[in-house]
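Before reading on, please take a moment to look over the sequence and the 3D structure shown below.

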Amino acid sequence: MTAAPQDAGRADARRNRRKVLAAASQAFDEHGPDVSLGVIAHQAGVGAGTVYRHFPSKEILLEAVLVQQLDDLVEAARQWAARVDPAAAFFGFLLEVVDKSRGRKHACDALTTQTSWPRPSLAASARRFRQALDELLRAAQRAGGVRTDVSTDDVTALTVGCATIWAAHRDPNGGARMVRLALESLRAPSNVTQGRGFRDTPGTLHAMPRCEECGARLEARSTGRPARYCGATCRQRAHRRLS
């Protein structure tokens, strides 16, 4: 049984919209918000008219891209929240946010601005992101993994700063290390390495073994090579980032 022409048309429209959003996300990342809709249409493999039918202006298209990116981060927060260790979930999520936001000034602006994006859809996504971040922060604080004098606004500002640091560093690995050092300032005093216990080596934040991605403590192994990651999620993220 074949689909009705009307249903097929709607399916094509949804498919074209997804293609435009994917191309726009890549174009904004590579060229910034000044990229033309013509370039985006070419990268999406559709005509300019198709782009304009779905997104009458570049501002509306940029908003749609930001909404999708924020909603993806909210979903990532839910996945991290399923972890057993709240502190590992919190720091793992922050690293993911920084990793996905570096070089995306338009995304960083959306995380911090209060007035530049008044449209309801983006404002709603920003509120969902803030709520997800706040829940991870409070859980990590209750577990004793994050200092109690830190607010969600503090974390958001630090995250945006870390994304800028990572993007500006000439060495991506060096930038990642600087980000981890900055995020260490959020740990509760009892969990921060003191004095000679700090080992200034790439990918290592503590004398005790910790995950190189989220900073979670690792169980010491009596045999074999030392573990570098707390689980498959962090291992896959590290491999994607370094590939």
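The model is a predicted one, and its average pLDDT is 79.

**Confidence**
- Of the residues in the protein, 74% score at least 70 in pLDDT.
- Over residues 193-208, by contrast, the pLDDT is below 50, although this stretch has 24 contacts in the model beyond near neighbours in sequence.

**Helices α7 and α8**
- Helix α7, which spans residues 120-142, and helix α8, which spans residues 152-168, have axes that come within 10 Å and cross at roughly 110 degrees.
- The two helices α7 and α8 are therefore roughly perpendicular to each other.
- On the α7 side the contact is made by R130, L133, D134, L137 and R138, while α8 brings T152, D153, V155 and T156.
- Sorted by class, this contact of α7 with α8 has three nonpolar, two polar and four charged residues.

**The second largest pocket**
- This pocket has a volume of about 270 Å³.
- It is lined by 13 residues, of which E96, K100, T233, R237 and R240 are the closest to its centre.
- The elements that give two or more residues to the lining are α4 (58-81), α5 (86-101) and α10 (232-242).
- By class, the lining has two nonpolar, three polar and eight charged residues.

Methods
Residues are numbered from 1 along each chain as its sequence is written. This is a predicted model: local features need pLDDT of at least 70, side-chain atom pairs count only at pLDDT 80 or more; totals for chains, interfaces and linings use all residues. Side-chain values use heavy atoms; hydrogens and water are left out. Axes are lines fitted to C-alpha atoms, for helices over the stretch in contact, and angles run from 0 to 180 degrees between N-to-C directions. Helices (H or I, at least four residues) and strands (E, at least two) are DSSP runs, numbered from the N terminus. Angles under 35 degrees count as roughly parallel, over 145 as roughly antiparallel, 65 to 115 as roughly perpendicular and the rest as oblique. Contact means heavy atoms within 4.5 Å. Ala, Val, Leu, Ile, Met, Phe, Trp, Tyr, Cys and Pro count as nonpolar, Asp, Glu, Lys and Arg as charged, and the others, Gly among them, as polar. On a 1 Å grid over the protein atoms alone, a cavity is a set of points where a 1.4 Å probe fits but cannot get out, and a pocket is an open set with protein on both sides within 12 Å along at least five of seven lines; lining residues have an atom within 4 Å of a point. Grid points are joined across faces, edges and corners, and a volume is the space filled by probe spheres set on the points. pLDDT is the predictor's confidence in each residue, from 0 to 100.
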